Amino acid sequence: MRSVASLALVVGILAAPSPASADPPVCGPPVVSTTQPGYTVADPDCDVNGTPFVPVGGSSVWTGITDGAAYRIERPAAWNGELVLYAHGFRGSGTTVFVDNPSLRAHYLSRGFAWAASSYQTNGYDVGQGVRDSYTLIQRFEERTGQPAGAVYMTGASMGGHVAAVAIEEHPSAFVGAMPVCGVLGDAELFDYFLDANVTAAALTGTSITFPKAPVDPAFQEVYRQQVAREVPLLGTGAGLTALGRQWGDYVEQRSGGTRPGFDAAFAYWSAVPAIPPLTSVPFLFGVYPGLSGGTAGIAEGNVTSNRFTLYQSDDNPWLTRDELRLNRDVLRVDRTDRPSRDLSGVPRVDGRPRIPVLSMHTIGDLFVPLSMEQEYARRAALQGRGKLFVSRAIRALGHCEFTGPELAQGFDDLVTWVRTGHRPAGDAILDRRTVAAADFGCRFTLTSRASFGAPCPS
């Protein structure tokens, strides 16, 4: 692992006069983790595709593996004294961990910010480990560069957004600002949403499904796949959604953030996307059914999901129709046996009590980590009296974390200005149902029009 990517590798932290002339690192094989049995750690000097990690624009870089987690640090030549920590998202259940670069790497450096990122010691939905390994980067930065950071920003995408939200509550004095994007800001509410999508599909199609207790028999995966195979023809997928499938979409829309523009295109898109391994033969939303892990998300001691008191509706009218009453009668009800933790074990709770400015972004067509996660955080922050410290921005796109570079850069720059000046930037009123349902919702901060979104901003 490198001390500095420069001609002066042998002298520790000295920066080279011309990083471009330095030989690129030679990619090594993964090494055995010293902390996690059965895990290996990929070489942080290279990306998983073999591309060497080299400095850009005269920057200096440091890499290493400590306590079973790989890390990268990069400091620009004209450093402003501040540091950005980047927390990556969910990487499945593989046993090789790896570190990569934030998408705003070049932007951070151009503005004088150093950045650091960790692989974490584990994969899976291990938010607590992500918090621990990300937080240690503050001290690691000082040790490797010889200089402490004067201010630290916490950022993260998807599960990394959950990491960011927990980190700023766990270590409230360590950070000056946070930018979670497409983040799981509602902790176990995400798994409740996954449960909602699946039990409503089953109720509408008259399919009997079960929710096994953990540990789940491996044979259940095939049983569940066969259950889904009976549901899908009745619902359709993609452009071939049936009337029943579109009705299912109405329930998913309300549980994922409410009536909003672009949802029809979003539901068609996500109903055609295959699930993540190992259930790639079923549509995406079926592959995230919490029953596959007994509701533990692979990390909690018991089931953290529940729909015991959930009221399912297909529109935002508070009066229930006959069809809605029937579905609420027939839907499978599940009760939790565990809850989000108050520490870093299991699925850590997000209280929504930031002490620093938090600027978040979410694509409104995302049905993996839906807009409702932002809304849940906004509600919690308001209840904690911290609503003024949270700004949320909606982006008109279908994909998960489908942001453009300029959209992310604008958000980060506005966060920095907020931290430095105290002037709260603009955002979207995501808790106002009429605002969310309006034809122009998400137009203000969407800098690039996506044809796939299907609903252009009003002229």
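These legends describe close-up views of a predicted model. Local features need pLDDT of at least 70, side-chain atom pairs count only at pLDDT 80 or more, and totals for chains, interfaces and linings use all residues. Residues are numbered from 1 along each chain as its sequence is written, and side-chain values use heavy atoms, with hydrogens and water left out.

**View 1. An open sheet of 3 strands, order 1-2-6.** Strands (E, at least two residues) and helices (H or I, at least four) are DSSP runs, numbered from the N terminus. Two strands pair if DSSP finds at least two bridges between them. The pairing in this sheet is mixed. Strand 1 (31-32) and strand 6 (96-97) stand at the edges. Each has a single partner strand, so one side of each lacks a neighbour in the sheet. Strand 2 (residues 40-41) runs parallel to strand 6, with 2 bridges between them.

**View 2. Strand 5 and its parallel partners, strand 8 and strand 7.** Buried means under 20% relative accessible area, exposed over 50%, and partly exposed in between (1.4 Å probe, protein chains only). In strand 5 (82-87), 6 of the 6 residues are buried, so the strand is largely enclosed by the rest of the structure. Both of its faces are covered. E82, V84 and Y86 are buried on one side. L83, L85 and A87 are buried on the other. Strand 8 (residues 151-157) pairs with strand 5 over 6 bridges. Here A151 of strand 8 stands opposite E82. Strand 7 (residues 114-118) pairs with strand 5 over 4 bridges. Here A114 of strand 7 stands opposite L83.

**View 3. The disulfide of C27 and C46.** A disulfide is a pair of cysteine sulfur atoms within 2.5 Å. By this rule the count is 3. With bonded cysteines counted along the chain, their pattern is 1-2, 3-4, 5-6. In this view, the sulfur atoms of C27 and C46 are 2.2 Å apart. The torsion about their S-S bond is about -95°, so the disulfide is left-handed. The pair links distant parts of the chain, 19 residues apart. C27 lies in the segment before strand 1, and C46 in the loop between strand 2 and strand 3 (60-66). C27 is partly exposed, at 37% relative accessible area. C46 is buried, at 6%.

**View 4. The disulfide of C182 and C401.** The S to S distance is 2.0 Å. A torsion of about 95° about the S-S bond makes this disulfide right-handed. C182 lies in the loop between strand 9 (177-181) and helix 4 (189-205). C401 lies in the loop between strand 11 (390-395) and helix 11 (405-421). The pair therefore ties together parts that are 219 residues apart in sequence. C182 is buried, with 1% relative accessibility. C401 is partly exposed, with 26%.

**View 5. The disulfide of C443 and C457.** Their sulfur atoms lie 2.1 Å apart. The link is left-handed, with -110° about the S-S bond. C443 and C457 are each in the segment after helix 12 (433-437), so the pair ties together parts 14 residues apart in sequence. At 19% relative accessibility, C443 counts as buried. C457 counts as partly exposed, at 36%.

**View 6. The aromatic pair of W79 and F141.** Rings of Phe, Tyr and Trp (its six-membered ring) pair if their centres lie within 6.5 Å. Planes under 30 degrees apart count as stacked, over 60 as edge-to-face and the rest as tilted. The structure holds 21 aromatic pairs. W79 and F141 form a tilted one: 5.4 Å centre to centre, with 55° between the planes. W79 lies in the loop between strand 4 (69-75) and strand 5, and F141 in helix 2 (residues 127-145). The pair therefore ties together parts that are 62 residues apart in sequence. W79 and F141 are both buried.

**View 7. A cluster of aromatic rings.**

**View 8. Arginines over the rings of F53 and Y71.** A charge sits over a ring if NZ of Lys or CZ of Arg is within 6 Å of the ring centre and within 35 degrees of the ring normal. The charged end of R72 sits over F53, 4.3 Å from the ring centre. R140 lies over the face of Y71, at 5.8 Å from the ring centre.
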